[in-house]
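Visitor: I am new to reading protein models. Could you take me through one, feature by feature?

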Amino acid sequence: MSTSFFGKYIVPEAAALRNTDSYRTIPPIDDGAAREILYGGTRLLNLASNNYLGLSAHPDLIEASAKALSRHGCSSGASRLVTGNFALAETLEAELATFKYQEAALVTGSGYAANLAVFSALADRHTVVFSDRLNHASILDGIALSGARLVRYRHLDMEHLEQLLGRERQVAKKIIVTDTVFSMDGDVAPLARLVELGKAHGALTVVDEAHATGILGRGRGLAAALGLSEDVDVHVGTLSKALGSQGGYVAGRLETIELLRNRGRSFVFSTALPPAVLGASLAALRHLKANPGEGARLMRMAKAIRDHLSGLGFDTMGSTTQIIPVACGRNRVALHAQALLRAEGLLVAAVRPPTVPQGTARLRLSLRADLTEDDLRRVRLGFSRLRVSFFP
Ligand SMILES: *Cc1c(COP(=O)(O)O)cnc(C)c1O
């Protein structure tokens with residue numbers, strides 16, 4: 001009976017979870033994408049969202065979104081394959097494909113859904129997927145959904161990848177997948193070597209540019225920055241982070257996208273994105289094309305902050321991007337540091353397992369291009385004070 005399941009399993013599991021330091025609650029935040037947010041009524045500088053370019057409130061996006069909303073209404077009404085299509089979606093896909101130097105693109109409900117679509121369409125139980133140990137959860141969920149066998153290689157370790165590829169020589173269908181900028185570490189995949197290994201072993205290469213699109217390579221991502229756009233087979237990303245909108249995308253060869261449209265379960269069996277979101281995404285993409293230097297400016301800002309943090313003795317864990325972790329180790333330490341920074345007017349994320357490996361809890365700063373000189377002073381001061389309370 002459901003009441004006995006509830007009483008026997010759900011109530012005790014919830015109670016046990018509540019007593020751990022990995023328990024999660026939704027923070028009392030209003031206006032969470034803005035540069036300054038309200039946290040339980042207090043104004044804090046927002047260093048925790050992925051709205052890296054501050055585009056979510058850009059007048060061009062709002063105008064395009066409002067126009068699409070008033071013209072087409074609130075919902076797309078169905079899956080794209082039924083009646084949920086809009087000319088706006090097709091324009092967005094055509095422009096995304098060009099932006100990524102690919103033949104075609106497909107837009108999905110989220111970046112999460114994009115990875116589910118990729119693996120459910122391209123992998124099956126005869127496939128082995130080689131995945132960086134720190135790849136995003138949506139990649140792992142996509143692999144699980146596909147029934148493929150998962151082989152994890154050590155973070156960024158191309159020798160380990162090569163060794164594992166060698167061990168699976170008899171397997172015909174192989175895929176190598178990596179985040180390009182790692183979401184919790186802010187470091188970057190060794191893409192040139194990965195592509196080389198993919199070619200040598202006949203493996204399909206998939207990159208997830210969720211945190212790189214809009215920033216690296218004049219907004220086009222790490223593959224573009226390294227001149228590898230045509231060498232990488234499948235380009236995944238999100239419209240929900242630097243683009244300040246909502247949705248995910250996959251770009252690649254025509255036949256790849258054709259398979260995704262037919263077999264990508266999160267695409268086929270889910271209602272299409274609404275017009276207002278498509279309008280905002282298209283405006284964001286055009287903004288990136290017209291302002292290709294914003295990402296580079298953000299990277300310079302990030303370098304200055306990283307240098308300040310390293311100078312204070314904090315470990316930024318190999319970050320080279322706008323995502324800056326500060327190693328804490330134990331969950332309690334990360335939560336305590338987060339509270340101290342909140343008292344300094346700064347909101348940073350405290351990231352704990354299972355989002356990151358056990359024992360590697362950390363603060364995670366995500367910098368954004370709309371921070372002012374005064375904001376950056378507040379960040380430096382806040383961490384200087386944190387340093388004093390941590391190592392007095
Ligand atoms: C955030 C993220 C996603 C998911 O994108 P959403 O649009 O938020 O669903 C996928 N992959 C990576 C690497 C991410 O960081």
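The dialogue below takes up a lysine, a helix, a pocket and a cavity in turn.

Guide: This is a predicted model, where local features need pLDDT of at least 70, side-chain atom pairs count only at pLDDT 80 or more, and totals for chains, interfaces and linings use all residues. Residues are numbered from 1 along each chain as its sequence is written, and side-chain values use heavy atoms, with hydrogens and water left out.

Visitor: Which residue does UniProt annotate as "modified residue: N6-(pyridoxal phosphate)lysine"?

Guide: The unreviewed entry puts that annotation on Lys-241. UniProt annotations may be inferred rather than shown by experiment; positions follow the numbering used here, and feature names are shortened.

Visitor: Where is Lys-241 placed?

Guide: Lys-241 sits in the loop between β9 (234–238) and β10 (248–252). Helices (H or I, at least four residues) and strands (E, at least two) are DSSP runs, numbered from the N terminus.

Visitor: Is Lys-241 buried or exposed?

Guide: Buried means under 20% relative accessible area, exposed over 50%, partly exposed in between (1.4 Å probe, protein chains only). Lys-241 counts as buried because its relative accessible area is 15%.

Visitor: What does Lys-241 touch?

Guide: Contact means heavy atoms within 4.5 Å. Leaving out residues up to four places away in sequence, Lys-241 touches Asn-50, Asn-51, Tyr-52, Ala-210 and His-211.

Visitor: How do I read a helix?

Guide: An α-helix has 3.6 residues a turn, so residues three or four places apart point the same way. Take α3 (residues 87–99): its buried residues include Leu-88, Leu-92, Glu-95 and Phe-99. Among the elements covering the buried residues of α3 are α2 (59–72), β4 (104–108) and α11 (275–290). After α3 comes Tyr-101, with a positive phi near 55°.

Visitor: How is empty space found?

Guide: Rolling a probe the size of a water molecule over the atoms shows where empty space is left. On a 1 Å grid over the protein atoms alone, a cavity is a set of points where a 1.4 Å probe fits but cannot get out; a pocket is an open set with protein on both sides within 12 Å along at least five of seven lines; lining residues have an atom within 4 Å of a point. The largest pocket holds about 910 Å³ of space. It has 33 lining residues, with Thr-25, Pro-27, Gln-338, Ala-349 and Ala-350 closest to its centre.

Visitor: How many cavities of 30 Å³ or more are there?

Guide: The search of the whole structure finds 1. The largest cavity has about 110 Å³ of space, and 13 residues line it.

Conventions: Grid points are joined across faces, edges and corners, and a volume is the space filled by probe spheres set on the points.
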